[in-house]
Amino acid sequence: MTILVFVGALIGAMALGIPIAFSLLLSGVALMWHLDLFDAQILAQNLVNGADSFPLLAVPFFMLAGEIMNAGGLSRRIVTLAMALVGHIRGGLGYVTIMAGCIMGALSGSAVADAAALTALMLPMMVAAGHDKARSAGLIASAGIIAPVLPPSIALVIFGVAGNVSIARLFMAGIVPGLLLGIALWLAWWWLVRRETVEIGARRSRAEVREALRESAWALGLPVLVVVGLRFGVFTPTEAAVAAAVYALLVSMLVYRELSWRALCDVFVGAARTSSIIMFLVAAAMVSAWLITIAQLPAQIVTLLQPVLDHPKLLMLAIMLLVLVIGTALDQTPCILLLTPVLMPVVKAAGIDPVYFGVMFVLNTSISLITPPVGTVLNTVAGVGKVGIDSVIRGIGPFLLAMIALLMLLVAFPGIITVPGAWLYG
């Protein structure tokens, strides 16, 4: 009955069109009434405490770093480097998009920001070269969701806070699956374009490649700064976010000199606006998480799943399929915040590595960013690229299948994540 009250209140509020953060608060109030615990002061205290977290400070700073990166010319130089390396082969613009998605994902940690930048830069070029517009938009959307898996991932930060899991370990464990996501898209694109007759760019000279590498060297230094700093304990994930924002600011204003003081004000406002939405959502979700714990919902779910706790891979498969379905109706952040407090006790009871589960969970919810009808990245690409949402959905199909196949591979072979993650963390 407790589960029905919480889920019913949440779904009912969302069905009425109430924003997800307020829906979470209303479902929390409904659960408090059901448990005869309603107290406005307790509600307010948990709401404030939900956002009062030092690790969560990484979110606004990584958001700021991403905004500065896009406004300061770092993204454009990454695309230029990828063009110099692979732009001359058949389907080269698609491979450029995938490479740029991987590198930019290691800079910003935001799928929406990367998808918007890639759409503005790559979609006109791909259409002009003769690629199908829907398929190109689908590839760009798919490349955009690499960002939440690779460090510095905002989604991994949120999961780490919600699940009480080491964010530094999550970052290190996310590197290999993030790169595998790029490889899966690369193979899917190769299969699709092997018979296409499209315009192929001229091979760049070695001098041009060296120039592109020199121009992008400062941009490539940002992910190195974050990963190396975390690996050797120079700073915490929150301090890494501050370092990334300061580094991006200095490079944009003093090295590339493409970010003016006037534009900087808009960058700060944009980052603050996006961060406030995420932080309020986190705070509202923490109210629900506290009540879920008080109501002992995780214990009830562990009891229900007792027959499969001795089969971790079967349990992981069931959870991943469940999250795929839920992800079609919920955006990534609320999905993480809602399900993590419920699923973590189940995962621990089954003996599944929390870091492995966290990376898999974030990878799964990243895929939800391109699944209709809610898919945030789908809508971003459609809006920025002026493409019909139905066309983007049609173009996403082959890449979605490739990513789901990778997800199933990682369910079957957890060592692909756990072994490199443990080695990188040291």
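What distance separates the centres of domain 1 and domain 2, taken over C-alpha atoms? In this predicted model, the two centres lie 29 Å apart. The domain assignment places residues 1-38 in domain 1 and residues 39-425 in domain 2. The two domains touch: 18 residues of domain 1 are in contact with 21 residues of domain 2.

**Fold and dimensions**

The secondary structure of the protein consists of 20 helices and 0 strands. For 426 residues the globule rule gives a radius of gyration of 22 Å, and the protein comes close to this with 21 Å, so it is as compact as a globular protein of that length. The C-alpha trace spans about 70 × 45 × 45 Å along the principal axes of the protein.

Among contacts in the protein with a separation of 6 or more, 78% are accounted for by residues 24 or more positions apart.

**Burial, surface and charge**

Buried residues, meaning those under 20% relative accessible area, make up 54% of the 426 residues of the protein. The table lists the share of residues that are buried, the share of contacts and the share of accessible surface.

| Property of the protein | Value |
|---|---|
| Residues that count as buried | 54% of 426 residues |
| Contacts (separation of 6 or more) from residues 24 or more positions apart | 78% |
| Accessible surface belonging to carbon and sulfur atoms | 68% of about 17800 Å² |

As for charge, the protein carries 21 positive and 18 negative side chains.

Terms used
Residues are numbered from 1 along each chain as its sequence is written. This is a predicted model: local features need pLDDT of at least 70, side-chain atom pairs count only at pLDDT 80 or more; totals for chains, interfaces and linings use all residues. Side-chain values use heavy atoms; hydrogens and water are left out. Helices (H or I, at least four residues) and strands (E, at least two) are DSSP runs, numbered from the N terminus. The radius of gyration is taken over C-alpha atoms; the globule rule is 2.2 Å times the number of residues to the power 0.38. Buried means under 20% relative accessible area, exposed over 50%, partly exposed in between (1.4 Å probe, protein chains only). Contact means heavy atoms within 4.5 Å. Accessible areas come from the Shrake-Rupley method with a 1.4 Å probe; for residues, only the protein chains shown count as cover. Lys and Arg count as positive and Asp and Glu as negative; His and the chain ends are not counted. The place of a charge is taken as NZ of Lys, CZ of Arg, CG of Asp or CD of Glu. Domain bounds come from an automatic or database domain assignment.
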